[in-house]
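Here are my notes from a pass through this one, as numbered points. Have the viewer open while you read, and follow along residue by residue.

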Amino acid sequence: MKYWKYYLVALLVIVIDQLSKWAVHRYMPMGMPGEVPVFGDWFKLHYTLNPGMAFGVELPAPYGKVILTLFRLVAVTGISYYIYRLWKQHAPSGLLICIAMILGGAIGNLVDSIFYGVLYNNAPFNAPTPWLHGQVIDMLFVDFPDGFFPASWPFVGGEIIPDFPIFNIADSCIFIGVVLILIFQNRFYSQHLEEAHPVAANDAAAAQARRDAEASEAV
C-alpha cells in the first residue's frame, strides 16, 4: 500500500468529522433543547462546545489556547512524518492505518481550534483574537443513569456515577486508533520485525526446525 493512501485515511476522518460538526452547528440548538436520542436514553446527540483539551481541561487564559493550538500543530506534523517513516521501514498496514486515524482525529480538532472562532464565531468572550481560539464542537453523548455506585464496590463504592464526557468523531478515531495499537501491539511489532529483518527471522525458524529434528531423533 502506497504511503499516500494512509494520508487518505486521515483525510477521510477529517471530512467525516468536519461534516458532522457543520451539521450539528447548522441544524441543532445547543444544549438540552436540541438533544436528539439515538439509542434510547443512553446514547444521544448533544451539541456542546469544548474550549480546551480532552475532558474539558484548559490551559490558563489568555494565551493558553494559543499554546494548545500550536502544540496540536506540532503534534500533527510529527505524526505525519512518523507515518512516512514507518512506511519506509515496511511497518504493518494495520499499524499505519491506526496512526492515520489518530492523525485525522488530531487534525479534525485542530481545524476547530484554528478556524471555528472565525467561521462559527464561537471563541470565548475573553479571547484576544478569534483566530486560534475556536472551541471544539462535541456532540456524541453516552448518558449514564444518575445515581451512586454500589457501596460494596471497592474504591468507588458510594460515589456519584460521573457524567461521561461528550465527544466527537475526531475524539472517537483517536481513541479507537490508540486502543487498537495497544491491543495488537505484539502482532504489529513482531510483524514489523519479521518484515524488517527477514533473514534473521528465517534463521530463527531454521534453528527451531533443527532443534525439533534433534529432539525427535533423540526420542
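1. Let's begin with a ring. Phe144 comes out as partly exposed, because its relative accessibility is 36%. Keep in mind that this is a predicted model, so treat every value below as computed from predicted coordinates.

2. The overall layout, for orientation. The chain has five helices and three strands, and reading along the sequence you get α-β-β-α-α-β-α-α. Of the 219 residues in the chain, 32% are buried.

3. Now the aromatics. Searching the whole structure turns up 14 aromatic pairs. One of them is Tyr3 with Trp87, a tilted pair with 5.2 Å from centre to centre and 55° between the planes. Tyr3 sits in helix α1 and Trp87 in helix α2, 84 residues apart, so this pair links distant parts of the chain. Tyr3 is partly exposed because its relative accessible area is 33%, and Trp87 is partly exposed too, at 26%.

4. Back to Phe144 and its partner. With ring centres 5.6 Å apart and planes at 75°, Phe144 and Phe164 make an edge-to-face pair, since planes over 60 degrees apart fall in that class. Both Phe144 and Phe164 lie in the loop between β3 and α4 (169-196), so the pair ties together parts that are 20 residues apart in sequence. Phe164 counts as partly exposed, given its 35% relative accessibility.

5. What else do Tyr3 and Trp87 belong to? They are members of one aromatic cluster, together with Tyr7 and Tyr84. If you want to compare ring pairs yourself, a pair of aromatic rings is described by the distance of the centres and the angle of the planes.

6. On to helix packing. Two packed helices are described by the angle between their axes and the distance between the axes. For helix α1 (residues 3-27) and helix α3 (residues 93-119), the axes come within 7 Å and cross at roughly 40°. The two helices are therefore oblique to each other, and α1 passes α3 in a right-handed crossing. In the contact of α1 with α3, the residues divide into 14 nonpolar, six polar and three charged.

7. How do α2 and α3 cross? Their axes come within 9 Å, at an angle of roughly 155°. Because angles over 145 degrees count as roughly antiparallel, that label applies to α2 and α3. The crossing of α2 and α3 is left-handed, whereas the one of α1 and α3 is right-handed.

8. Two backbone spots to check. Most residues other than glycine have a negative phi. His90 has a positive value, near 60°, and is not a glycine. You'll find His90 in the loop between α2 (64-88) and α3. Is His90 buried or exposed? It counts as exposed because its relative accessibility is 51%, and the cut-off is over 50%.

9. The other spot is Leu132. Leu132 also has a positive phi, about 70°, without being a glycine. Its place is the loop between α3 and β3 (136-142). Leu132 is partly exposed, because its relative accessible area is 26%.

10. Cysteines next. A disulfide is a covalent bond between the sulfur atoms of two cysteines. How many disulfides does the count give? The count comes to zero, with a pair of cysteine sulfur atoms needing to be within 2.5 Å to qualify. Cys98 counts as buried because its relative accessibility is 4%. Cys173 is buried as well, with a relative accessible area of 12%.

11. Leu140 is found in strand β3. Leu140 is buried, because its relative accessible area of 12% falls under 20%. From C-alpha to C-alpha, Leu140 and Thr48 are 9.4 Å apart in space, while in sequence they are 92 residues apart.

Terms used:
Residues numbered from 1 in each chain as written. Predicted model: local features only at pLDDT ≥ 70, side-chain atom pairs only at ≥ 80, totals over all residues. Heavy atoms only, no water. Axes fitted to C-alpha atoms, helices over the stretch in contact; angles between N-to-C directions. Helix = DSSP H or I, 4+ residues; strand = E, 2+ residues; numbered from the N terminus. Parallel < 35°, antiparallel > 145°, perpendicular 65-115°, else oblique. Left-handed = near helix turned anticlockwise from the far one by under 90°. Nonpolar A, V, L, I, M, F, W, Y, C, P; charged D, E, K, R; others polar. Buried < 20%, exposed > 50% of the residue type's maximum accessible area, 1.4 Å probe, protein only. Phe/Tyr/Trp six-rings, centres within 6.5 Å; stacked < 30°, edge-to-face > 60°.
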